[in-house]
2 protein chains.
Amino acid sequence: MEETTLRRKPTIRDVAAAAGVSRGTVSRVINGGRWVSPAAQLAVEEAIRATGYTANHHARSLATGRADSLAFLLTEPQHLLFADPTFALLLRGAAEALAQRSMTLVLLVAGTPGERANVAHYVSAGHVDGVLLISSHESDPLLADLLAGGIPTVCCGIPLGHQGEVSTVSVDEIESARTMTRYLLGQGHRRIAMIAGPNDTPGGRFRRVGFQEEMGEHFDPALVEEGDYGQESGAAAMTRLLERTSDIDAVFAASDLMAAGAIGALRKVGLRVPEDIAVAGFDDSGFAANQEPPLTTIRQPWDRISDEMVSLLLDVIAGAPHRSVTLPTSLVVRETA
Amino acid sequence: MEETTLRRKPTIRDVAAAAGVSRGTVSRVINGGRWVSPAAQLAVEEAIRATGYTANHHARSLATGRADSLAFLLTEPQHLLFADPTFALLLRGAAEALAQRSMTLVLLVAGTPGERANVAHYVSAGHVDGVLLISSHESDPLLADLLAGGIPTVCCGIPLGHQGEVSTVSVDEIESARTMTRYLLGQGHRRIAMIAGPNDTPGGRFRRVGFQEEMGEHFDPALVEEGDYGQESGAAAMTRLLERTSDIDAVFAASDLMAAGAIGALRKVGLRVPEDIAVAGFDDSGFAANQEPPLTTIRQPWDRISDEMVSLLLDVIAGAPHRSVTLPTSLVVRETA
DNA sequence: GCTCCGACTGTGACCGGTCACAGTTCTATC
DNA sequence: GATAGAACTGTGACCGGTCACAGTCGGAGC
């Protein structure tokens, strides 16, 4: 009567029995169907349908050694990353790219040292095939651990201190910053301030370098302040700049969030954007276009970045040597500059 | 010589050999150490250190039937959810709550029907112990599938059409909406418009109900427009409202993002917030406080929501009957209303 | 001195797949 | 008609853990 209701999940043996073939044949059907007779193929497919069979992922992973999943590993102090809409774009892109390959994404957050240890442990437990490492600070020991453990890894952005040791997907930070700076100079601005990112991150260091290079003789170190990519830090940096100097005519922030913070700070002291001071951001986060006024910024190709990270990582897992990909950015001129 | 360099990962047998005990004893040490002599305990711990052993998660899951991970399942059309900073809060909270329990979070995105089928397949493959279901539209068949499959599930927000069939963590939408409406009325506003969410979502339906109930005789159906929670839809709804009527003195949007869109639309036609029209949101997303001007809104306790979802789900997995938790919201008065 | 019991340990079966290998057919070729 | 080989199928070992069960050992109690 009720023996059908409380049955455990059907296994490959149940399917084999139902189809009147052996486990081996069922396994072959599931994995592509090479060397299977049409009759057996049909019988197995029918049996799978009838039993409602789904393969047990753990058993498969145990036998094959593959996990068929990747880790999306966040190492940034968390409030920043989760406030940053760009991370969501990256996450979505990666999840989609993996779904297309019937793989899945495990989210790992390594904020505190304790979590960090857990992560290393988790990753080396073979739970995932590789790691998509997001935004690592230079001092972060996690990348070194991953490399030492031989864990296939792809970094988003050039990992300072580990260049050439690991696969990387990045944009040309220096050239992008030069492009924006050139644009601001072209608009007639000369007293251009920069709100840079932390110097131990590639986006902090190289955007600053590009800015300085392009500014040339107009570069004034007194016009550089540093933030942490977050909105409040942008506002604070802008305030510091305003306290120090009064002739700034443009501000280049190393993130859209900091640009938004800067705009808020400017508004608070009665300065209009772009009439009094032009403001430019970096990233083209989701909100940049909806910002009031819409933000002029550098677009990072987020969807391509996540796509490339995934395919690069899969290559590395398959045994390819590490490799670096640089993707193009583009200047998006809206209304703030 | 080099036999140590290319060794495969150490297994529990290697540890047992190194410690001079049996697999069983090692297993006992790993799982809490009951009925293990101090000497054996020490020897095993030392052997684990020496060999660099980490347990294979797949093998353990296969043997125990537990996956020690939960799925974070998104079913909303994707552009909305990823633009919505609240989802990131939820995600972070869930990841943290799980990390504390040495469990992990698998991100599943079920946007297209194809992805939906994959998800059902994946979940029933036993890869995860349960599902944290985020924001399901009424017509979404996924919840029905999960329930039919006996998959432990917890919903975020009351699942329309499935009330009482599944564990739920939600806020009192109606009362929250009434609170905000009461506040706006208390400020002297009478021609209050609402930008509601989709009627097939709990936040769309119940916030509208609360608004209407509290408005009482002042309620005017002509002052209700619908959006999709996204910023642009808020702007569009506001524009429609302005085209239709000219005496609106306040707007209550069912999400902060729509409130931000509405503020943009108001600005575009030269109306000031809050001087000309007050605007209120819902959610207290990360950006609400940094909005210009800072947004008056209803705070949802995101961290508690994710915490409760996780612990509720773990209860369900452990065999507890389904249960619903309602968490309190609070009115956050800033500057827009 | 024998029994009993608690503390501890080892063993074999099992979880649900995959894979290598050994058959078994059946057809084509000489 | 024998033989090779391609096409297909079944079997047992194995992946790396857990768990139930059967021992072993030492000391307390009678």
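Student: Through what surface do the copies, chain A and chain B, meet?
Tutor: Please keep in mind that this is a predicted model. Of the interface residues of chain A, 100% are also interface residues in chain B. The copies therefore meet through the same surface.

Student: How many residues of chain A are in contact with chain B, and which element gives the largest share?
Tutor: The contact involves 38 residues of chain A and 38 residues of chain B. On the side of chain A that touches chain B, the elements giving two or more residues include helix 5 (78–83), helix 7 (113–124) and helix 12 (256–268) of chain A. The largest share, seven residues, comes from helix 6 of chain A.

Student: Which residue of chain B is the bridge partner of A:V106?
Tutor: Strand 2 of chain A pairs with strand 2 (residues 104–109) of chain B in the antiparallel sense, over three bridges. Within strand 2 of chain B, the bridge partner of A:V106 is B:V106.

Student: Let us turn to the DNA. Which element gives the most to the surface near DNA strand C?
Tutor: DNA strand C is surrounded by 28 residues, and the closest are A:I12, A:S27, B:S22, B:G24 and B:A40. Two or more residues come from each of helix 2 and helix 4 of chain A, and from each of helix 2, helix 3 (38–51) and helix 4 of chain B. The element that gives the most, with five residues, is helix 4 of chain A.

Student: Which element supplies the largest share of the surface near DNA strand D?
Tutor: Around DNA strand D there are 27 residues, the closest being A:G24, A:A40, B:I12, B:S27 and B:A63. Helix 2 (23–30) and helix 4 (57–64), in chain A and in chain B, each supply at least two residues of this surface. The largest share, five residues, comes from helix 4 of chain B.

Student: How many residues of the surface near DNA strand D are charged?
Tutor: This surface includes twelve nonpolar and ten polar residues. The charged residues number five.

Methods:
Residues are numbered from 1 along each chain as its sequence is written. Chains are lettered from A and ligands numbered from 1 in the order in which they are written. This is a predicted model: local features need pLDDT of at least 70, side-chain atom pairs count only at pLDDT 80 or more; totals for chains, interfaces and linings use all residues. A residue is near a molecule or strand if its C-beta atom, placed from the backbone, lies within 6 Å of it. Helices (H or I, at least four residues) and strands (E, at least two) are DSSP runs, numbered from the N terminus. Ala, Val, Leu, Ile, Met, Phe, Trp, Tyr, Cys and Pro count as nonpolar, Asp, Glu, Lys and Arg as charged, and the others, Gly among them, as polar. Two residues are in contact if their C-beta atoms, placed from the backbone, lie within 7 Å. Two strands pair if DSSP finds at least two bridges between them.
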